[in-house]
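Keep the sequence and the 3D view side by side as you read.

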Amino acid sequence: MTTPLTTNDGRFGYEAAGGPGKRPLVFLHGIGGAARAWRGQIAAFGDRYRAVAWDMPGYGGSAPLASVGIATLADALQDFLQQIDAQRPVLVGHSIGGMIVQQWLTQHPRTAAAVVLAQTSPAFGKAEDDWQKQFIEARLGPLDRGETMKTLSPSLVKELVGDNPDTNGMQIARDCMASVPEASYRAMMLALLGFDQRKALADITVSTLVLSGSKDKNAPAPMMAKMATYIPSATYVELEGAGHLVNLEQPRAFDAALDQFLKTIEVTA
(Lines give C-alpha, C1' and ligand atoms only; values in the text may rest on other atoms or scores of the structure.)
Protein backbone atom coordinates (compact mmCIF):
# COMPACT_ATOMS: atom_id res chain seq x y z
CA MET A 1 0.00 0.00 0.00
CA THR A 2 1.42 3.38 -0.97
CA THR A 3 1.40 6.37 1.35
CA PRO A 4 0.34 9.80 0.07
CA LEU A 5 3.40 12.06 -0.08
CA THR A 6 3.93 15.78 -0.57
CA THR A 7 6.81 17.54 -2.33
CA ASN A 8 9.09 19.77 -0.25
CA ASP A 9 7.55 22.91 -1.74
CA GLY A 10 4.10 21.73 -0.64
CA ARG A 11 2.63 22.13 -4.14
CA PHE A 12 2.20 18.51 -5.16
CA GLY A 13 0.72 15.40 -3.67
CA TYR A 14 1.89 12.06 -5.04
CA GLU A 15 2.25 8.35 -4.35
CA ALA A 16 5.39 6.33 -4.97
CA ALA A 17 7.19 3.02 -4.53
CA GLY A 18 10.73 1.91 -5.32
CA GLY A 19 14.15 3.17 -4.32
CA PRO A 20 15.55 6.59 -5.25
CA GLY A 21 18.38 4.99 -7.28
CA LYS A 22 16.00 3.45 -9.82
CA ARG A 23 14.78 5.03 -13.05
CA PRO A 24 11.68 7.18 -12.41
CA LEU A 25 8.47 5.87 -14.00
CA VAL A 26 5.99 8.73 -13.63
CA PHE A 27 2.23 8.28 -14.16
CA LEU A 28 -0.13 11.17 -15.03
CA HIS A 29 -3.87 10.59 -14.62
CA GLY A 30 -6.83 11.92 -16.58
CA ILE A 31 -9.51 14.49 -15.77
CA GLY A 32 -11.54 12.07 -13.65
CA GLY A 33 -8.55 10.44 -11.99
CA ALA A 34 -6.08 10.84 -9.15
CA ALA A 35 -2.68 9.51 -8.14
CA ARG A 36 -4.39 6.57 -6.47
CA ALA A 37 -5.82 5.40 -9.81
CA TRP A 38 -2.27 4.15 -10.53
CA ARG A 39 -1.76 2.14 -7.34
CA GLY A 40 -1.90 -1.13 -9.26
CA GLN A 41 0.87 0.06 -11.57
CA ILE A 42 2.94 1.48 -8.71
CA ALA A 43 2.78 -1.94 -7.06
CA ALA A 44 3.53 -3.78 -10.31
CA PHE A 45 6.54 -1.70 -11.32
CA GLY A 46 7.90 -0.45 -7.98
CA ASP A 47 10.35 -3.35 -7.74
CA ARG A 48 12.23 -2.32 -10.92
CA TYR A 49 11.49 1.40 -11.11
CA ARG A 50 10.91 4.37 -8.88
CA ALA A 51 7.21 4.33 -9.73
CA VAL A 52 5.53 7.67 -9.04
CA ALA A 53 2.00 9.02 -9.65
CA TRP A 54 1.21 12.68 -9.16
CA ASP A 55 -2.05 14.31 -8.22
CA MET A 56 -2.56 16.80 -11.04
CA PRO A 57 -2.75 20.42 -9.80
CA GLY A 58 -6.14 20.93 -8.14
CA TYR A 59 -6.52 17.21 -7.36
CA GLY A 60 -5.90 15.26 -4.16
CA GLY A 61 -2.93 16.69 -2.31
CA SER A 62 -1.87 19.12 -5.08
CA ALA A 63 -2.50 22.86 -4.98
CA PRO A 64 -4.56 24.32 -7.84
CA LEU A 65 -2.96 26.57 -10.43
CA ALA A 66 -3.87 30.24 -10.66
CA SER A 67 -4.37 29.82 -14.40
CA VAL A 68 -5.16 26.41 -15.89
CA GLY A 69 -4.11 25.46 -19.40
CA ILE A 70 -2.18 22.59 -20.96
CA ALA A 71 0.90 24.84 -21.07
CA THR A 72 0.70 25.77 -17.38
CA LEU A 73 0.08 22.12 -16.51
CA ALA A 74 3.21 21.16 -18.49
CA ASP A 75 5.18 23.76 -16.54
CA ALA A 76 3.78 22.27 -13.33
CA LEU A 77 4.90 18.82 -14.48
CA GLN A 78 8.44 20.11 -14.93
CA ASP A 79 8.33 21.67 -11.44
CA PHE A 80 7.10 18.35 -10.03
CA LEU A 81 9.85 16.35 -11.76
CA GLN A 82 12.44 18.72 -10.33
CA GLN A 83 10.93 18.50 -6.85
CA ILE A 84 11.19 14.69 -6.84
CA ASP A 85 14.59 14.79 -8.61
CA ALA A 86 13.35 12.61 -11.48
CA GLN A 87 16.31 12.28 -13.82
CA ARG A 88 15.65 10.81 -17.30
CA PRO A 89 12.13 9.66 -16.39
CA VAL A 90 9.75 7.48 -18.35
CA LEU A 91 6.48 9.44 -18.46
CA VAL A 92 3.14 7.65 -18.76
CA GLY A 93 0.37 10.12 -19.60
CA HIS A 94 -3.27 9.04 -19.73
CA SER A 95 -5.86 11.22 -21.52
CA ILE A 96 -5.20 14.86 -20.49
CA GLY A 97 -2.05 13.49 -18.86
CA GLY A 98 -0.90 12.45 -22.32
CA MET A 99 -1.65 15.93 -23.64
CA ILE A 100 0.45 17.42 -20.82
CA VAL A 101 3.31 15.08 -21.77
CA GLN A 102 3.09 16.15 -25.42
CA GLN A 103 3.18 19.82 -24.42
CA TRP A 104 6.06 19.18 -22.00
CA LEU A 105 8.05 17.47 -24.78
CA THR A 106 8.00 20.66 -26.85
CA GLN A 107 9.95 22.37 -24.05
CA HIS A 108 12.03 19.40 -22.90
CA PRO A 109 12.47 17.23 -26.01
CA ARG A 110 15.37 15.13 -24.76
CA THR A 111 14.82 15.07 -21.00
CA ALA A 112 12.71 11.89 -20.80
CA ALA A 113 14.06 8.40 -21.44
CA ALA A 114 10.77 7.45 -23.09
CA VAL A 115 7.07 8.32 -23.01
CA VAL A 116 3.76 6.48 -23.10
CA LEU A 117 0.78 8.27 -24.63
CA ALA A 118 -2.22 6.29 -23.40
CA GLN A 119 -5.80 6.89 -24.58
CA THR A 120 -4.99 10.46 -25.51
CA SER A 121 -5.02 12.77 -28.52
CA PRO A 122 -2.70 15.28 -30.21
CA ALA A 123 -5.56 17.77 -30.52
CA PHE A 124 -8.92 18.48 -28.93
CA GLY A 125 -11.46 18.15 -31.72
CA LYS A 126 -11.76 20.73 -34.43
CA ALA A 127 -12.01 24.36 -33.43
CA GLU A 128 -13.96 25.30 -36.54
CA ASP A 129 -17.07 23.28 -35.75
CA ASP A 130 -19.38 22.89 -32.75
CA TRP A 131 -17.95 19.55 -31.59
CA GLN A 132 -15.82 21.12 -28.84
CA LYS A 133 -18.75 23.12 -27.45
CA GLN A 134 -21.00 20.05 -27.51
CA PHE A 135 -18.36 17.95 -25.76
CA ILE A 136 -17.92 20.53 -22.99
CA GLU A 137 -21.68 21.08 -22.63
CA ALA A 138 -22.31 17.35 -22.30
CA ARG A 139 -19.87 17.18 -19.39
CA LEU A 140 -20.42 20.50 -17.63
CA GLY A 141 -24.13 20.93 -18.35
CA PRO A 142 -25.25 18.47 -15.62
CA LEU A 143 -23.13 20.37 -13.06
CA ASP A 144 -24.72 23.62 -14.18
CA ARG A 145 -28.10 22.01 -13.53
CA GLY A 146 -27.27 21.03 -9.96
CA GLU A 147 -25.67 17.60 -10.22
CA THR A 148 -22.46 16.92 -8.28
CA MET A 149 -19.32 14.95 -9.12
CA LYS A 150 -20.49 12.34 -6.63
CA THR A 151 -23.91 11.91 -8.22
CA LEU A 152 -22.47 11.94 -11.74
CA SER A 153 -19.55 9.61 -11.16
CA PRO A 154 -21.33 6.26 -11.84
CA SER A 155 -22.73 7.41 -15.19
CA LEU A 156 -19.53 9.21 -16.21
CA VAL A 157 -17.41 6.14 -15.57
CA LYS A 158 -19.91 3.82 -17.29
CA GLU A 159 -19.73 5.94 -20.44
CA LEU A 160 -15.93 5.70 -20.51
CA VAL A 161 -15.38 1.96 -20.27
CA GLY A 162 -15.45 -0.93 -22.72
CA ASP A 163 -16.27 -4.63 -22.37
CA ASN A 164 -16.23 -6.49 -19.05
CA PRO A 165 -14.15 -4.01 -17.03
CA ASP A 166 -12.42 -5.14 -13.85
CA THR A 167 -14.81 -4.78 -10.89
CA ASN A 168 -12.24 -3.41 -8.46
CA GLY A 169 -10.92 -1.03 -11.10
CA MET A 170 -14.39 0.36 -11.69
CA GLN A 171 -14.86 1.04 -7.98
CA ILE A 172 -11.57 2.94 -7.94
CA ALA A 173 -12.63 4.86 -11.06
CA ARG A 174 -15.95 5.86 -9.49
CA ASP A 175 -14.28 6.86 -6.21
CA CYS A 176 -11.69 8.98 -8.04
CA MET A 177 -14.31 10.67 -10.22
CA ALA A 178 -16.56 11.38 -7.22
CA SER A 179 -13.62 13.00 -5.39
CA VAL A 180 -12.60 15.43 -8.13
CA PRO A 181 -13.29 19.00 -6.95
CA GLU A 182 -15.92 20.51 -9.24
CA ALA A 183 -13.78 23.62 -9.81
CA SER A 184 -10.86 21.44 -10.96
CA TYR A 185 -13.06 19.34 -13.24
CA ARG A 186 -14.46 22.48 -14.88
CA ALA A 187 -11.02 24.06 -15.24
CA MET A 188 -9.50 20.94 -16.81
CA MET A 189 -12.37 20.55 -19.28
CA LEU A 190 -11.94 24.15 -20.41
CA ALA A 191 -8.15 23.68 -20.61
CA LEU A 192 -8.73 21.23 -23.47
CA LEU A 193 -10.05 24.01 -25.70
CA GLY A 194 -7.49 25.03 -28.29
CA PHE A 195 -5.07 22.18 -27.54
CA ASP A 196 -3.35 21.15 -30.78
CA GLN A 197 0.08 19.53 -30.91
CA ARG A 198 -0.38 17.67 -34.21
CA LYS A 199 2.50 19.50 -35.89
CA ALA A 200 4.80 18.66 -32.97
CA LEU A 201 4.39 14.87 -33.28
CA ALA A 202 7.16 14.64 -35.88
CA ASP A 203 9.52 16.34 -33.42
CA ILE A 204 9.13 13.67 -30.72
CA THR A 205 12.56 12.02 -30.67
CA VAL A 206 12.25 9.71 -27.65
CA SER A 207 10.91 6.15 -27.76
CA THR A 208 7.12 6.36 -27.56
CA LEU A 209 4.39 3.83 -26.86
CA VAL A 210 1.01 4.91 -28.25
CA LEU A 211 -1.59 2.83 -26.42
CA SER A 212 -5.28 2.70 -27.31
CA GLY A 213 -8.41 0.79 -26.38
CA SER A 214 -10.54 -0.58 -29.21
CA LYS A 215 -13.78 0.60 -27.52
CA ASP A 216 -12.52 4.05 -26.47
CA LYS A 217 -14.95 6.75 -27.64
CA ASN A 218 -12.93 9.70 -26.25
CA ALA A 219 -9.63 8.78 -27.92
CA PRO A 220 -10.72 6.43 -30.73
CA ALA A 221 -8.24 3.74 -31.72
CA PRO A 222 -8.14 4.69 -35.45
CA MET A 223 -7.18 8.25 -34.50
CA MET A 224 -4.46 7.01 -32.15
CA ALA A 225 -3.13 4.60 -34.79
CA LYS A 226 -2.85 7.54 -37.20
CA MET A 227 -1.21 9.64 -34.47
CA ALA A 228 1.46 6.97 -34.03
CA THR A 229 2.42 7.15 -37.72
CA TYR A 230 3.56 10.76 -37.26
CA ILE A 231 5.89 9.98 -34.33
CA PRO A 232 9.25 8.75 -35.67
CA SER A 233 10.00 6.20 -32.94
CA ALA A 234 6.48 5.16 -31.98
CA THR A 235 5.20 1.70 -31.15
CA TYR A 236 1.42 1.34 -31.44
CA VAL A 237 -0.56 -1.10 -29.31
CA GLU A 238 -4.35 -1.49 -29.29
CA LEU A 239 -6.01 -3.36 -26.42
CA GLU A 240 -9.08 -5.22 -27.61
CA GLY A 241 -12.36 -4.49 -25.82
CA ALA A 242 -10.93 -1.72 -23.63
CA GLY A 243 -12.43 1.75 -23.31
CA HIS A 244 -10.87 4.95 -22.01
CA LEU A 245 -9.73 3.75 -18.57
CA VAL A 246 -7.48 0.90 -19.66
CA ASN A 247 -5.24 0.68 -16.57
CA LEU A 248 -8.34 0.22 -14.39
CA GLU A 249 -10.47 -1.77 -16.87
CA GLN A 250 -7.82 -4.24 -17.98
CA PRO A 251 -4.92 -3.81 -15.54
CA ARG A 252 -3.13 -7.01 -16.58
CA ALA A 253 -3.26 -6.12 -20.29
CA PHE A 254 -2.15 -2.55 -19.56
CA ASP A 255 0.72 -3.69 -17.35
CA ALA A 256 1.81 -6.29 -19.92
CA ALA A 257 1.88 -3.71 -22.74
CA LEU A 258 3.81 -1.26 -20.57
CA ASP A 259 6.20 -3.98 -19.37
CA GLN A 260 6.96 -5.07 -22.94
CA PHE A 261 7.66 -1.48 -23.98
CA LEU A 262 9.88 -0.84 -20.96
CA LYS A 263 11.93 -3.95 -21.78
CA THR A 264 12.58 -2.64 -25.30
CA ILE A 265 13.91 0.66 -24.00
CA GLU A 266 16.05 -1.09 -21.39
CA VAL A 267 17.70 -3.03 -24.23
CA THR A 268 18.44 0.16 -26.19
CA ALA A 269 19.33 2.34 -23.17
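What share of the contacts with a separation of 6 or more comes from residues 24 or more positions apart? In this chain the share is 75%. Keep that in mind while looking around. The model is a predicted one.

Start with the whole chain. It has ten helices and eight strands. Its C-alpha atoms fill a box of roughly 50 × 40 × 40 Å, taken along the principal axes. For 269 residues, a compact globule would have a radius of gyration near 18 Å; this chain has 17 Å, so the value agrees with that of a globule. Of the 269 residues, 54% count as buried. The accessible surface comes to about 11900 Å². Carbon and sulfur atoms hold 51% of that surface.

Now turn to one helix. Helix α7 covers residues 182-191. Its buried residues are S184, Y185, M188, M189 and A191. Look down the axis of α7: these residues fall within an arc of 160°, so they line one face of the helix. What does that buried set pack against? The partners are five helices: α2 (70-83), α3 (96-107), α4 (131-144), α5 (149-160) and α6 (167-179).

Next come the aromatic rings. The whole structure holds seven aromatic pairs. One of them joins F12 and W54. This pair is stacked, with 5.9 Å from centre to centre and 25° between the planes. The two residues come from distant parts of the chain, 42 residues apart. F12 lies in the loop between β1 (5-6) and β2 (13-17), while W54 belongs to strand β4 (residues 50-54). F12 has 1%, so it counts as buried. W54 has 0%, so it is buried as well.

A second pair joins W38 and F254. Here the rings are tilted, 5.9 Å centre to centre, with 45° between the planes. W38 counts as buried because its relative accessibility is 1%. F254 is buried too, with a relative accessible area of 1%.

Return to F12 and W54 for a moment. Together with Y14 and F80, they form one aromatic cluster. Another ring, that of F135, has a charged neighbour. The charged end of R139 sits over this ring, 3.6 Å from its centre.

Finish at A221. Where is this residue found? A221 is in helix α8, which covers residues 221-230. A221 has a relative accessible area of 4%, so it is buried. Which residues does A221 touch, leaving aside those up to four places away in sequence? They are S212, G213, S214, D216, Y236 and E238. Compare the position of A221 with that of Q119: the two are 102 residues apart in sequence. In space, their C-alpha atoms are 8.2 Å apart.

Look back at the opening question with these examples in view. F12 and W54 are 42 residues apart and form a pair. Across the chain, residues 24 or more positions apart account for 75% of the contacts with a separation of 6 or more.

Notes
Residues numbered from 1 in each chain as written. Predicted model: local features only at pLDDT ≥ 70, side-chain atom pairs only at ≥ 80, totals over all residues. Heavy atoms only, no water. Buried < 20%, exposed > 50% of the residue type's maximum accessible area, 1.4 Å probe, protein only. Helix = DSSP H or I, 4+ residues; strand = E, 2+ residues; numbered from the N terminus. Arc of directions from axis to C-beta. Contact = heavy atoms within 4.5 Å. Phe/Tyr/Trp six-rings, centres within 6.5 Å; stacked < 30°, edge-to-face > 60°. Lys NZ or Arg CZ within 6 Å of the ring centre and 35° of its normal. Rg over C-alpha atoms; globule rule 2.2 N^0.38 Å. Areas by Shrake-Rupley, 256 points an atom, 1.4 Å probe, with all protein chains shown as cover.
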